[in-house]
Amino acid sequence: MTIRTARQDRVQHFRPRTHCLKKLEAMVVEMQDSKSGVKGSEQKLNVTTIPHVISGKDVIAWITNKMKNTTEDAQAFGTMLVAYGYIYPLQNHRKLVMCNDDSLYRFQTPYFWPTQKWFAEDIDYAIYLAKRNIRKKGMLEPYEQAHYNHLHEWLNHKWDFIVMQATEQYKAGKERKKPDRVVFDCQERAYWIVNRPPRRTHSALDVGPERLIDPNIDEKISFDQYRRMNMFYQQAIMRSKVKSSVSLGALVKYITTYKNHDPFLAPCLPSNPWQTDNDSYWTLNMRRVDVPTKMRVERWSFSLFELLSDLRGRDDFKIFLKKEFSGENLAFWEAAEELKLGTASSMSTKAETIFKTFLAPGAPRWINIDGRTMGLTVKGLDHPHRYVLEAAQTHVFLLMKKDTFFRYLKSPVYKDIQKKAQSPEAHNFSPAQLEQNAQSRSPGIHPMILWQQEEEEKAKAAAASAPVDVKAMMSKIDRKK
Amino acid sequence: MRSPLTPEMATQEVQLNETLAHLKTESETLKTKLEEERAKLHDVELHQVAEKVEGLGQFVMKTRRTLKGHGNKVLCMDWCKDKRRIVSSSQDGKVIVWDAFTTNKEHAVTMPCTWVMACAYAPSGCAVACGGLDNKCSVYPLSLDKNENLAAKKKSVAMHTNYLSACSFTNSDMQILTSSGDGTCALWDVESGQLLQSFHGHAADVLCLDLAPSETGNTFVSGGCDKKANVWDMRSGQCIQSFETHESDINSVRYYPSGDAFASGSDDATCRLYDLRADREVAIYSKESIIFGVSSVDFSLSGRLLFGGYNDYTINVWDVLKGTRVSILFGHENRVSTLRVSPDGTAFCTGSWDHTLRIWA
């Protein structure tokens, strides 16, 4: 056919998303089996008779039967066969989809399959476009013309070779019988549509940026790497693991606990905003509502983590702690979080404030942690880094989790909010009302505005709860006198 | 032509090779031992534990919104904590912030590069981060003034030596975690652009990452082209757990809501569930008829459902416990490149190479 230079086997596994090609090929081979494959027939297309033409609905029916799935599934699969270029459409050649009707398709010749002729090089494309230009000037489509101009520019040094190849191919083509020529032209055109898709065509070979590192190169693993790997394995072996029954049981328990809170599993009240276009569900669950919903209050009881993650819950917890005069643990935990997640430049100032407020002997909000942790933390504060309070923070969190949290759940504060909590009625919109909702979707409050409000509230709260500096207060009073 | 070896050099080289071979055998022995230790504690399969759990009913999930506005393939998206706004990025360099509920576009930024493969919304709702072929991750503070040029306040935070594949804010606006085609992940301080910690261990491009939702919040998982999913300690930069059971690139990793497990989606057309406490893979979500890769996965709020966006333009919904597929969704006209469940679990959003985003509920 055409003289090609032997190409290095690019071994496509470092090209993304090509793992499926082996299975696809096996399927396509089966589909072409003379006995059990898809039945083809001869079709007349523009004066020429084309052999082995298949119809979309036959292909889909074959796939449905073979894979034992639904027609929709099979249609999606069929579309992929066309998108990868294993099957090409005869009529609407730019739309790479499988239609479940009498649309005509043909199997692509293995020569043009993605695995065989993977790297569709620019030089081959230039030869193809030049050949079509030779055959009939002005035959190229606008996008092809644009490609042609671009290739002519940057492959200019090879243009003589390209034109020579194109002329050779054109001459060889003329010597073929007309039906063969038409078939080959269709195949070649289909190949290039898949590899150089026009703008609105979705081709599966459009893979995006290549992967940078080929994971299949037999890497020479160095001495150091082996030592590191072995250390990792040793640590992994020694790490305590949990029995499957225990950890899987925990996963199941989590699902059971949250089952009624999952909008995909249980209806959210009053209604899912995306389904009814009414955003009451979000308004009722905002950060600073007076009366939270029953579901929200229930969720606070699932774990201390849930209670603290929902800022409204954290507020309620703070009310309880204030009554117990034990707010310093949570305050310390919050301060430690801020240190961990704050900017690098603010760390030393924050660390100092935390030390003065919570850890120094006689500090106004001294936290009661064990001597060893206290010692380690204070020592670490000499050279503060992001995780310097980690040990103390974990200790305090566990204290709250194991003791304070459960007392909170049994306290009048929590029972009170449980009683007060509202349970909204489910919406029951008529189709007309739904139409109305869709026309008047509320824009809500912008998160940036809410954030600014939050920051202001935090600043106020910090000022209110800051430990009173007695000396400064006294000197102020003295000055007034 | 090698220079002639002296007797001393020859013995040295032989010694080195012996130690290398020695290490290699030791490595293989240790690996087998690890597998044995893991197997010892494996007393039950997930579907056995799930037998007592009731089955799921029929699902009716439909496209509730279609967001049109990108001029090219949508590569990535992220939700805002307000549960209705999203940020999306595409191949043509555009990053758009939408109010998905009203479908209004609120902000648009044009990046100086194409293939913006990563984008993230800041927890405060006041900024977005994005990056791609420019090898950087940049943070754009948003503004309530529609006429303001956001590109003016752009801040370059992360610098990698190759494309940025994923980025995520930690629990504050002040730190960003990134993964890159150069095989590393890194933690950055947003204000100063300082590198706080880097994570080395993947042998090939790192394609995805996810932060743990746990109370300690100090770990994250990453997946790469070396078929490995690694769990990292953010404090020390060490890889603490590693799983290598996939047969091809891992395109997406996502933590189970409790933080004790994570799911991964790969080009080998399977999604897998890994249990961190038992230190092993516990489930494979696959079907013979599904042969196209998974680009993106996410859990529903309770963790019962696993949503997967696939390269054959479909979305498959899996029952995490029983391992069966409960639903398949059609609608996109090209591969689904990104999928995220909203923060309150009321919907999930998919972005596709067909230039659109869809919200499903």
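Me: How many bridges join strand 15 of chain B to strand 16 of chain B, and do these strands run parallel or antiparallel?

Reply: The model is a predicted one. In it, strand 15 (residues 219–224) and strand 16 (residues 229–233) of chain B run antiparallel and are joined by five bridges. One pair is B:Gly223, whose bridge partner in strand 16 of chain B is B:Ala229.

Me: Which order do the strands of the open sheet in chain B have?

Reply: The order is 14-15-16-17, an open sheet of four strands with antiparallel pairing. Strand 14 (206–211) and strand 17 (239–243) of chain B each have a single partner strand and stand at the edges, so one side of each lacks a neighbour in the sheet. On average, neighbouring strands of this sheet are turned by 20° against each other, direction ignored.

Me: Where in chain B do strand 4 and strand 5 form a hairpin, and what is found in the turn?

Reply: Strand 4 (residues 94–99) and strand 5 (residues 104–110) of chain B pair in the antiparallel sense over six bridges. B:Asp99 has B:Asn104 in strand 5 of chain B as its bridge partner. Four residues lie between the two strands of the hairpin, and B:Thr103 in the turn has a positive phi of about 65°.

Me: What area do chain B and chain A bury between them?

Reply: The size of an interface is often given as the accessible area lost when the parts come together. Chain B and chain A bury about 9,700 Å² between them, 64% of it on carbon and sulfur atoms. In chain B, B:Phe101, B:Glu215 and B:Arg277 lose the most area to chain A, together 8% of what that side buries. In terms of contacts, 129 residues of chain B touch 97 residues of chain A.

Me: How many salt bridges does the rule find across the interface of chain B and chain A?

Reply: The rule finds six salt bridges there. The side chains of B:Arg65 and A:Asp277 meet in a salt bridge, at 2.7 Å from N to O.

Note on methods: Residues numbered from 1 in each chain as written. Chains lettered and ligands numbered in written order. Predicted model: local features only at pLDDT ≥ 70, side-chain atom pairs only at ≥ 80, totals over all residues. Heavy atoms only, no water. Pairing = 2+ DSSP bridges. Contact = heavy atoms within 4.5 Å. Buried area = accessible area lost by both parts, 1.4 Å probe. Salt bridge = Lys/Arg side-chain N within 4 Å of Asp/Glu carboxyl O. Axes fitted to C-alpha atoms, helices over the stretch in contact; angles between N-to-C directions.
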